[in-house]
Amino acid sequence: MASRRCLLRLLSSRLVPQRSRPLAPVSIATGTLTSLSEPLGPPAPRALASPRLYYPSRCHFATRSSGDEDDDEYEEEHYDEEGSEGEWGDEEEAVAAKKPCGKTEEEKVAEAAEIGYKVLGPLGADEKPFKPYEPVFVVVQIGSHQFKVSNGDSIFTERLKFCDVNDKLVLNRVLMLGSQTQTVIGRPILPDATVHAVVEEHALDAKVIIFKKKRRKNYRRTKGHRQELTKLRITNIEGIDKPETAAVAA
């Protein structure tokens with residue numbers, strides 16, 4: 001602090017203009033007479049002896065600690081993460097338009113079978129896959145999640161690969177089937193049972209904030225995550241005897 005005060009005092013003393021000594025009356029009179037006889041013109045520019053003295057803002061005397069640098073790094077990282085997220089519409093468009101992968105059709109089919117589904121193709125314009133409700137339920141596994149669904153239900157799963165909106169799917173990992181008269185349990189799956197579904201949309205889940213902090217270490221990290229989801233509509237369940245509609249109405 002002492003060195004900083006000395007430097008500021010020295011700088012301020014040099015910036016103050018020095019008082020000029022008064023001239024003798026004779027020299028002033030002669031100067032005025034000679035100046036009147038000469039033509040008037042623009043004043044000559046004055047050369048600066050030391051230009052650095054006239055720009056005190058260029059001199060930096062403040063010292064910074066390591067904690068300030070860490071705070072700046074945290075702020076820059078925090079703002080970069082917020083700016084990289086983009087608008088909501090941009091995220092939806094990015095989810096809808098995925099880059100094509102360099103896998104063959106056999107690899108795609110094998111990877112989809114490991115998850116538990118098979119892509120049949122796009123839904124035709126004349127097709128009507130949706131049927132009235134039937135009193136049949138099924139427990140189906142997609143990836144690492146299990147869902148209990150019936151005809152006409154809609155579920156949200158993790159983003160399914162190699163399928164677009166309005167594509168028909170077959171869910172072949174059926175764990176259990178049930179109706180009003182019987183229940184069939186697989187060991188672990190039922191090979192003859194299938195569930196038909198249609199892809200309705202690819203969407204993003206609500207944002208989740210991940211905040212990490214270590215006390216007394218000046219460590220703070222904030223991140224956001226939105227899980228990619230796929231919405232499926234169950235259209236048909238096969239592999240079990242369904243009761244007639246008349247019996248249900250009775």
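Among the contacts in the protein chain with a separation of 6 or more, 73% are between residues 24 or more positions apart, where contact means heavy atoms within 4.5 Å. The structure is a predicted model, in which local features need pLDDT of at least 70 and side-chain atom pairs count only at pLDDT 80 or more, while totals for chains, interfaces and linings use all residues. Residues are numbered from 1 along each chain as its sequence is written, and side-chain values use heavy atoms, with hydrogens and water left out.

The protein chain has six helices and 11 strands; these are DSSP runs numbered from the N terminus, with helices being H or I of at least four residues and strands being E of at least two. Of the 250 residues in the protein chain, 23% are buried, and the term buried stands for under 20% relative accessible area, exposed for over 50%, and partly exposed for the range in between, with a 1.4 Å probe and protein chains only. The accessible surface of the chain comes to about 19100 Å², and carbon and sulfur atoms hold 54% of that surface; such areas come from the Shrake-Rupley method with a 1.4 Å probe, and for residues only the protein chains shown count as cover.

Strand β6 (residues 174-178) is joined to β7 by three bridges, and the two run antiparallel. Within this pairing, M176 stands opposite I185 in β7. At 60% relative accessibility, I185 counts as exposed, and, leaving aside its neighbours within four places in sequence, I185 is in contact with L175, M176 and L190. I185 and V174, 11 residues apart in sequence, are 9.1 Å apart in space, C-alpha to C-alpha.

The loop between β7 and β8 holds G186, which counts as buried at 13% relative accessibility. G186 lies 5.2 Å from L175, C-alpha to C-alpha, and the two are 11 residues apart in sequence. The loop between β7 and β8 (194-204) is also the place of P188, and a cis peptide bond with omega of about -5° joins R187 and P188.

N166 lies in the loop between β4 (154-158) and β5 (167-171), whereas N218 is placed in the loop between β9 (208-214) and β10 (219-225).

As for the rings, the charged end of K148 sits over the ring of F137, 4.9 Å from its centre, and the charged end of K214 sits over the ring of Y219, 4.9 Å from its centre. A charge counts as sitting over a ring if NZ of Lys or CZ of Arg is within 6 Å of the ring centre and within 35 degrees of the ring normal.

Key
Two strands pair if DSSP finds at least two bridges between them.
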